[in-house]
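Hello,

I'm passing a structure on to you, and I hope you enjoy looking through it. My notes on what turned up follow just after it.

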Amino acid sequence: MANSEFDWPAKSSVLGTRVNRVDGPDKVTGRAKYTFDINRPGMLYARMIRSPHPHARVVSVDLSSATRMPGVKSVLMVRDFSSAPNNRVMFQGDEIAAVAADTEEHAIDAARSVKIEYEVLPHLTIVNKALDGTAPPVFTGGNVRDGRPAQAGDLTAGFAAAAKVVEGTYSTQVITHTCMESHGTVCEWAGDRLTAWISTQGISGARENFASALGIPQANVRVLCQYMGGGFGSKALSVGAEGLMCAKLAKAANAPVKLMLDRKEEHLATGNRPSAASKIKAGVSADGIITAFDAQSWGTGGAGATADFPLPYLYQVANRSRSHKNVFTNTGQQRPMRAPGHPQGSFNTEIIMDELADQINMDPVEFRIKNLPPQAPNAMWRAYLQEGAAEFGWNKRHATGDKTPGPIKTGMGVSVNTWGGGGRGPSPAHCEITSDGVVIMRLGTQDLGTGTRTLVAVITADALGLRPAQVRPEIGDTAFGVSALSGGSTTAASISPGIRVAAVKALDALKEKVAPALGVDAASLVAAGGRIQVENDPSKGMTWADACKHIGPQAITAEGDWRAGMSSTTTSGAQFAEVTVDIETGIVKVTRVLVLQDCGLVVSRLTAESQCYGGVIGSLNFALFEDRILDRNTGQMLNPNMEWYLLAGMSDIPRIDVRIKDQPERGVIGLGEPPTVSTAAAIALAVRNATGVTMRSLPLTPAKVLGAMRQGRA
Amino acid sequence: MLTLTSPKISVGVHCAKLRTKGMYMNAVVDPDELTFYDPYDNTVYWCVSTQTGFGPDGEPVRADLCNGERGCCKF
């Protein structure tokens, strides 16, 4: 697709520069309206009623008292629990009913008044009990389901060729998405037409889900999401039971209804990252080639959901075998969480990499380079590892175990990542230029908080020779057209080409309007610096405002869509981490992280860097703090709040240096997922380097660090 | 990414109410991906009727469970 006028420009005035978020002022002043901020005339407030038990039979549900509570307008069952097998609840937080009332307090009171009789059933929340067969039979077809096995080469020959062999068990924990804005919806009906404001990663998908669930045409549903406070994958699927019940309550009460979940519900019922564990035996030759990799892995994605992940991750092993078991538990189901599977695969692989390297006295960076795929535009790890090592001061890294005196030990770790991040169409965009000089770029995508509005403005402004602030991005409304959900880092690669195509077409139309006034051929004109002028002759031109006066009363409109060759897929990244560990308290402090990350053509450099900052911080939380803790007896979550479900505070955030590696020739590639893959493993390996003790399980809590040091594993 | 984009649901085989994230995405699979790691499957399913990972019968939904053997399956 070379030599098209739509190709990304070789020289750019805005693309790849450091542009502040165009919606930053709206966010910091409160003008930006999130779903939580939507208030409609006569609006009711709704609450869900959920099971407190991880596994139970619903014997009876009495809604009568709730219907008599003050202010209550509607009470509905989520489903019919009157007969088996439909009457089981499968996890703490499983939905049973919902209530709408005139105030939030009345809704909470009414929800509390619903009388539910349960027959508590034996539950399964401990993975090992499912694996060893001592758990009660809970799930139809069994509590454990085999995943997809993988095998290559000759494992026996591989181990025979090994100079050293390492065995270990590695694991990562279940964590929840913990979005700042909870899941929720405001629904309003006008006859058989539904308008839904919902915190979602996919407004077009939400429209289809509402329509299909409610049995109405998609054309009767309008979904809006102007701003959202994080999704990380948890808002990429259905509209949730809460979304559906919000619509049903609104219909039943004949009034708008707002249903926002609280923090406890967020932890219990809106998804999580599955656990991931593996028992690995790996062999390495004396010259640093992994000769064999034999793994048995398992994990839980909750009640009936899978929990698979890539293993080994990225490193090339000719002789390998892997089996996997998905363990079903009476816990909330998993949902995609930023780079689904990759952070788990990274940790389960990277830890044993350093153990193998130590066995043959090889530097971990050199060892990785020996075992990574050959270098290519979509496989740049070797270069990034070398460049990163030089910048990070890797040559100052000591051997495993900081021998300096005193309780504070320092260490360094490294890991690599990849993600697809490719997008395609359909992804239509619509551009308007009006005679007053306003530029509107309109498309039916949404902004998860990643900066999509800024991306829209940057691409449009670049094509039109304007500043991003002169462009009005309009997104977040299904009335603007169909668009794919924002997930898997596919949005930037999907929407960017269509935006540029629409903007270039609109500019061509404007040139045709302006050329006669200038007495030149339209093809000789360019847009640059806020002017339309003959290329290299500013005297033959006019300002953007004057040019637009030639448009007349009917605005210029142009359509664009995704084009092959303007976007690509697959990123490479490497991260280095430095930590201090207080071996008297077990407290780990991350002091530095260096990120080397590509994403093809950089559209908005600040936004790209922000993705890396956010990814690192998310993965630091995974490494040190986050953990869904279940009571072993009741199966209930012990920390479904923001007090005991730990996240990093400002003082926990290290210095983060981001080096975005430009690959403009590849076109646009998404960046949301990859920066969050590597950090946890790099931190754990830095702790190993500091203490001399291999941390094979996340999170690296002080108690776990001290416990591992007591055991003296190395 | 392979797991996000691979078709998991076949018309006429699986329940018409079964959904996955990949059905709502525009993604491109890198053919080199399978040289970076072996295929794995962590697909999340949901039932469009209930908007949860459980069907109208209260049982979990997955491609291997929603293929016509449950009373709630629709084709």
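Which residues in H12(A) meet H13(A), and which residues in H13(A) do they meet? Please keep in mind that this is a predicted model. On the H12(A) side there are A:Thr452, A:Leu455, A:Val456, A:Ile459, A:Thr460, A:Ala463 and A:Leu464. They meet A:Thr491, A:Ala492, A:Ser496, A:Ile499, A:Arg500, A:Ala503, A:Val504 and A:Leu507 in H13(A). Sorted by class, this contact has 10 nonpolar, four polar and one charged residues. The axes of the two helices, residues 452-464 and 491-518 of chain A, come within 9 Å and cross at roughly 35 degrees, and the crossing is right-handed.

Next, have a look at a sheet in chain A. Four strands form an open sheet in the order S19-S27-S28-S29, with mixed pairing. Strand S19 (408-419) and strand S29 (655-661) stand at the edges with a single partner strand each, so one side of each has no neighbour in the sheet. From one strand to the next, the twist averages 15 degrees. Strands S27 (residues 571-582) and S28 (residues 588-598) of chain A pair in the antiparallel sense over nine bridges, and A:Glu578 stands opposite A:Arg592 in S28(A). Helix H15 (residues 605-624) of chain A packs on this sheet, touching S28 and S29. The direction of H15 makes about 130 degrees with that of S29(A).

Finally, the two chains: 58 residues of chain A are in contact with 37 residues of chain B. Helices H6 (203-214) and H7 (240-253) of chain A each supply at least two residues of the side that touches chain B. That side of chain A divides into 22 nonpolar, 29 polar and seven charged residues.

Best wishes

Notes: Residues are numbered from 1 along each chain as its sequence is written. Chains are lettered from A and ligands numbered from 1 in the order in which they are written. This is a predicted model: local features need pLDDT of at least 70, side-chain atom pairs count only at pLDDT 80 or more; totals for chains, interfaces and linings use all residues. Axes are lines fitted to C-alpha atoms, for helices over the stretch in contact, and angles run from 0 to 180 degrees between N-to-C directions. A crossing is left-handed if the near helix is turned anticlockwise from the far one by less than a right angle, and right-handed if clockwise. Two residues are in contact if their C-beta atoms, placed from the backbone, lie within 7 Å. Ala, Val, Leu, Ile, Met, Phe, Trp, Tyr, Cys and Pro count as nonpolar, Asp, Glu, Lys and Arg as charged, and the others, Gly among them, as polar. Two strands pair if DSSP finds at least two bridges between them.
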